[in-house]
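Here is a short note for a colleague opening this entry for the first time. Please keep the sequence and the structure in view while reading.

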Amino acid sequence: MNQPFSAIKLPLEKTELDIGFVALTDSAPLVVAQHLGIFERWGLEVNLKIQPSWATIRDRLQGQVLDAAQLLAPMPLAAQLGLNGNQNELINALNLSFNGNAVTLSLELYDQVKAINGGEDPSLPLDATWIKQIVDYRKDCHEPKLKLACVYPFSCHYYQLRDWLIKAGIRADEDVEFLFIPPTEMTKALANNQINGFCAGNPWNTKAARENIGVTVLTSNDVWSQTPEKILSVTRQWHAQHPNSYLAMVAALQQACNWLKSTSNRFEAAVMLKEYIDEPIEVLAPSLIGDCLTGIGHYNRHLPDLLSFNQEPFNIPDVEQGQFLLGKFMASGQYAGSPENAKQAIKEVYRTDIYQDVIGILNQLGEE
Amino acid sequence: MKAKTRQINSQQHSLTVLIIDDDMNRAESFQAALADSPYIVKHLVHTSVSLLREVEKTEPDIILIDIESPNRDTIESLSTISAYNPKPVVMFSEKDDPKLMEASIKAGVSAYVSADTQPEKTRFILDVAVARFNEYQKLKDDLVNAKRQLESRKWVDQAKALLIEKQNMTEQQAYSAIRKMAMDNGQKMEDVAKNLISMMQLIGGNE
């Protein structure tokens with residue numbers, strides 16, 4: 001380790017923290033901060049707790065079983081608006097990762113696209129117009145709708161998948177069927193043709209491509225650009241009680257994100273992640289180093305921003321991010337309340353003001 | 001217009017409980033605890049896709065699920081996404097402090113039960129979950145109804161305003177005209193109003 005990770009001694013209200021996360025490739029900042037001893041330098045003794053579902057991680061954060069948690073970017077705003085479980089005050093303290101999702105089709109569906117294209121492989125990223133033709137064909141033949149899976153209703157995966165389909169004229173709410181199943185079950189369901197495709201984060205796309213049970217035809221960068229995917233959240237109440245512990249935790253994670261700028265460091269992160277995700281390194285590493293495996297016998301795509309952990313200059317949560325997500329809630333029929341109400345909720349969740357203190361500290365340390 | 005209310009009453013008829021748990025012993029102890037009660041128990045160890053099919057088929061009145069099950073997200077998505085009737089979900093946990101978890105779901109549709117709870121208590125917890133769910137559902141329905149009435153009134157008001165302006169009617173005449181059209185055509189006033197508005201906008205170039 002050739003980087004010092006300097007820290008400032010803050011008067012911490014709490015030093016032993018339980019941070020919940022879902023074991024995915026994009027939890028790298030948490031794992032890195034733990035393994036490189038960055039949390040420790042800030043005086044924090046962190047227990048990383050793997051959580052089985054987004055619903056449970058949310059409940060445990062709200063029930064204060066966890067001090068902080070990695071959440072899907074739309075979750076705090078959904079909670080604040082009372083859309084997801086009960087109305088709860090969660091704040092977005094830090095953007096942990098950007099992009100990283102992809103759409104993988106079953107071999108059967110991919111072959112249908114290929115057949116329409118005269119037996120040729122279609123160019124990638126795949127234009128959803130191909131899917132539209134299959135959707136229309138299935139409708140004409142009274143075949144069941146295409147089944148597409150995501151992991152959670154308040155997730156970028158779901159909105160990205162919808163946006164991709166809608167752009168090609170597919171009516172997302174009528175022409176296809178969405179299912180929500182745990183990511184660990186995606187590849188199994190795809191292999192059994194219980195679903196025709198899915199949109200999820202890694203390592204699940206890489207795993208499907210590697211094991212020749214699907215073809216990854218689209219990444220989230222092809223639909224949206226540089227979008228926060230996972231965030232670090234605490235409850236408003238927790239922040240009020242532990243302002244310094246919060247600053248230390250966010251500063252440590254920002255340093256971990258900075259460390260992850262380097263591609264070779266990201267490969268190291270893949271090795272660290274192996275301890276938490278039961279998949280081989282050839283499944284964990286590619287998305288971290290910008291390689292989108294598409295499928296056996298296909299050209300892979302090199303996309304440097306496939307999954308990133310940085311936004312220049314800092315990973316500041318931003319109200320624009322909230323407005324963007326609100327638009328997605330509305331477009332998918334998840335929010336129909338008043339715009340004023342939503343505007344207020346966004347202000348409560350995206351606390352750029354608090355993050356300014358973290359920037360102040362990092363600037364003192366001369367961190368880039 | 002009243003929104004369709006689905007209230008569950010454990011006094012009147014038997015209720016189907018769907019237990020989602022990979023631990024056979026624990027599921028059996030829940031089953032034993034609920035024997036000789038109005039609850040009919042079905043146990044399921046399945047992957048999410050077949051779980052969805054099973055929920056559709058069984059139409060359970062209550063779902064009992066392990067908090068450690070990754071299928072929780074699938075169960076939650078049922079009430080978020082589809083038109084599927086929401087159900088009370090009771091979670092059991094061996095690790096979490098039920099008091100803490102209870103705090104996080106205050107008035108919600110879910111309840112937590114500790115897995116080492118005595119079997120006799122299970123039935124009581126389910127009863128409470130059903131009662132609380134009904135209460136919550138009623139609140140939600142009332143809210144939906146109030147909102148719908150407000151919206152419907154807005155349409156009628158707008159149509160009235162157009163009739164007053166374009167057809168020189170009094171407010172009473174405009175109202176009577178809309179009501180008569182609704183009665184003659186067997187339509188809701190709200191729908192008549194919407195038709196009137198789009199028609200008048202079409203003819204009159206009104207924006």
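1. In chain A, the C-alpha centres of domain 1 and domain 2 lie 27 Å apart. Domain 1 of chain A covers 16-99 + 227-291 + 304-364, and domain 2 covers 101-223. Domain bounds come from an automatic or database domain assignment.

2. This is a predicted model: local features need pLDDT of at least 70, side-chain atom pairs count only at pLDDT 80 or more, and totals for chains, interfaces and linings use all residues. Residues are numbered from 1 along each chain as its sequence is written, while chains are lettered from A and ligands numbered from 1 in the order in which they are written.

3. Domain 1 of chain A puts 26 residues in contact with 17 residues of domain 2 of chain A (contact: C-beta atoms, placed from the backbone, within 7 Å). On the domain 1 side, helix 4 (75-80) and helix 15 (281-288) of chain A each supply at least two residues. Helix 15 of chain A gives the most, with five residues. Helices (H or I, at least four residues) and strands (E, at least two) are DSSP runs, numbered from the N terminus.

4. Now chain B. Strand 4 (residues 89-93) of chain B is largely enclosed by the rest of the structure, because five of its five residues are buried (20 or more other C-beta atoms within 10 Å of the residue's own, C-beta atoms being placed from the backbone). B:Val89, B:Met91 and B:Ser93 lie on one side, B:Val90 and B:Phe92 on the other.

5. Strand 4 of chain B pairs with strand 3 (residues 62-66) of chain B in the parallel sense, over four bridges (pairing: at least two DSSP bridges between two strands). B:Met91 is the bridge partner of B:Ile65.

Notes. Two residues are in contact if their C-beta atoms, placed from the backbone, lie within 7 Å. A residue is buried if 20 or more other C-beta atoms lie within 10 Å of its own, exposed if 12 or fewer, and partly exposed in between; C-beta atoms are placed from the backbone.
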